[in-house]
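I opened this entry to look up charge pairs, the surface and the model's confidence. My notes follow the order in which I checked them.

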Amino acid sequence: MDASFKRFEGSANKRTTTATQWLAGVMNVLVRVRCYECSADQATTHPPGVKASKQKNKAAGKVMFEFQRMWDIKKEDLTVKERLSKMKLLDSLIAKQELAEYEEALKKKFINELFSD
């Protein structure tokens with residue numbers, strides 16, 4: 001005989017108890033599977049625990065690092081644009097034949113700033 005049949009041999013009372021125990025075991029497994037699926041869905045709604053808060057802090061640190069890196073690149077880009085703008089203005093001042101007094105002072109200032117670096 002098969003091993004599963006041997007379990008159910010004996011008196012009717014014993015068979016019922018064994019069958020009931022087997023059915024209860026199957027039901028427990030199904031309930032655990034269902035609870036596992038529910039907990040996976042509810043994982044986003046429960047308040048963060050220790051691990052979740054640590055992960056959130058790591059993510060926040062990573063976002064802050066990325067933001068800082070982008071900000072540094074942006075500052076460097078603005079510096080280059082400002083320098084380029086001054087060079088264009090200096091080029092237009094050099095191209096002029098006659099300069100007013102303030103234009104001459106601005107030209108000298110730009111020359112000193114751009115070539116002192």
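**Salt bridges**

I find five salt bridges in the structure, a salt bridge being a side-chain nitrogen of Lys or Arg within 4 Å of a carboxyl oxygen of Asp or Glu. I note that this is a predicted model, in which local features need pLDDT of at least 70 and side-chain atom pairs count only at pLDDT 80 or more, while totals for chains, interfaces and linings use all residues. Residues are numbered from 1 along each chain as its sequence is written, and side-chain values use heavy atoms, with hydrogens and water left out.

I looked up E82 and K86, whose side chains form a salt bridge with an N to O distance of 3.6 Å. Both lie in helix α3 (residues 50-95), and because they are four residues apart, about one helical turn separates them. For helices I use DSSP runs of H or I with at least four residues, for strands runs of E with at least two, both numbered from the N terminus.

For burial I take under 20% relative accessible area as buried, over 50% as exposed and anything in between as partly exposed (1.4 Å probe, protein chains only). E82 is partly exposed at 47% relative accessibility, and K86 is partly exposed at 21%.

K86 also pairs with E113, at 2.7 Å from N to O. This pair links distant parts of the chain, with K86 in helix α3 and E113 in helix α4 (residues 101-116), 27 residues apart. E113 is partly exposed, at 27% relative accessibility.

I then checked K96 and E103, which form a salt bridge with their closest N and O atoms 2.7 Å apart. Shared partners join E82, K86 and E113 into one network of salt bridges.

Is E103 buried or exposed? E103 counts as buried because its relative accessibility is 11%, whereas K96 is partly exposed at 41%. E103 sits in helix α4. Leaving out residues up to four places away in sequence, I list L93, K96 and E98 as its contacts, contact meaning heavy atoms within 4.5 Å.

**Surface and fold**

Which residues form a nonpolar patch on the surface? I noted M64, F67 and W71, with about 350 Å² of accessible area together. Patches take residues with over 30% relative accessible area and no salt bridge, joining like charges within 9 Å and nonpolar side chains (Val, Leu, Ile, Met, Phe, Trp, Tyr) within 5 Å. M64 belongs to helix α3.

The protein chain exposes about 10600 Å², of which carbon and sulfur atoms supply 61%. Areas come from the Shrake-Rupley method with a 1.4 Å probe, and for residues only the protein chains shown count as cover. Of the 117 residues in the protein chain, 6% are buried. I count four helices and zero strands, in the pattern α-α-α-α along the sequence.

**Confidence**

The protein chain has a mean pLDDT of 75, and 60% of its residues reach 70 or more; pLDDT is the predictor's confidence in each residue, from 0 to 100. Where pLDDT is low, the predicted coordinates should not be read in detail.
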